[in-house]
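Hi everyone, thanks for coming. I'd like to walk you through one model today, so please have a look at the screen.

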Amino acid sequence: MDQREGFATKYIEQIEDFFSKANQKSFGFLGIVRYAVERFSALRGVEGSASIAFFTIFGLPPLLIVLVSVASYYLEIPDIQEQIIQVIREIVPIPPDLIIEFLEGVLSQRSAVSIIGLIGLAWAGSGVLMSLTANINRAWPTAKIRNVVERRLVAFLMIGTFILFIAASSILSTILTFFSQFDI
């Protein structure tokens, strides 16, 4: 057993020596790659990317329903409808007919969507934001570790911020369209 350990130690030292020389020849590039791979592994990067992908697939549709439901009061304006369809078309590879059908369905049943339903959809949609913030915080050692309640609150604040940005964007776009008609 001691002889095997001696050979293993000898080969590890040779590999480290080879790596050190190759790192010097590459001006430290190999060291950076090695550090990145070690850090990615230590911080469970594969697990984080898998959780973000999972919650994006299953959490994005409810989140989009919440955003469209809240913004539906502005959707009756055809220009805003076209802008939202264009943004969704760029983000999600869905045929335009399905997007229009989805928006018309939300608008027709807007009164049937209650506050409790919106909260439930926001709860389901906030999973992707919770996973994203948890994994971003994991990457920085000095970041505050949040418990589940704090992460959920941050996710709801992000949803609220998205809604405010969409509303502000719609209002600003309408104002700019209005003022572009005048020759100033």
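I'll start with confidence, then turn to salt bridges and one serine.

This is a predicted model, where local features need pLDDT of at least 70, side-chain atom pairs count only at pLDDT 80 or more, and totals for chains, interfaces and linings use all residues. Residues are numbered from 1 along each chain as its sequence is written, and side-chain values use heavy atoms, with hydrogens and water left out.

The protein chain has an average pLDDT (the predictor's confidence in each residue, from 0 to 100) of 77, and 79% of the residues reach at least 70. Helix α7 (residues 148-180) has the highest mean, 84, and helix α4 (residues 78-91) the lowest, 69. Helices here are DSSP runs of H or I, at least four residues, numbered from the N terminus.

How many salt bridges does a search of the whole structure find? There are 4, each a side-chain nitrogen of Lys or Arg within 4 Å of a carboxyl oxygen of Asp or Glu. One of them joins Glu-16 to Arg-34 at 3.1 Å, N to O. That pair links distant parts of the chain, helix α1 (residues 2-25) and helix α2 (residues 29-42), 18 residues apart. Arg-34 also meets Glu-38 at 3.2 Å, about one turn along helix α2. Together, Glu-16, Arg-34 and Glu-38 form a network of salt bridges.

Finally, Ser-131 sits in helix α6 (residues 115-139). Buried or exposed? Ser-131 is buried, at 7% relative accessible area; the cut-off is under 20%, with a 1.4 Å probe and protein chains only. Its contacts (heavy atoms within 4.5 Å) include Gly-48 and Phe-55, not counting residues up to four places away in sequence.

Key
Helix = DSSP H or I, 4+ residues; strand = E, 2+ residues; numbered from the N terminus. Buried < 20%, exposed > 50% of the residue type's maximum accessible area, 1.4 Å probe, protein only.
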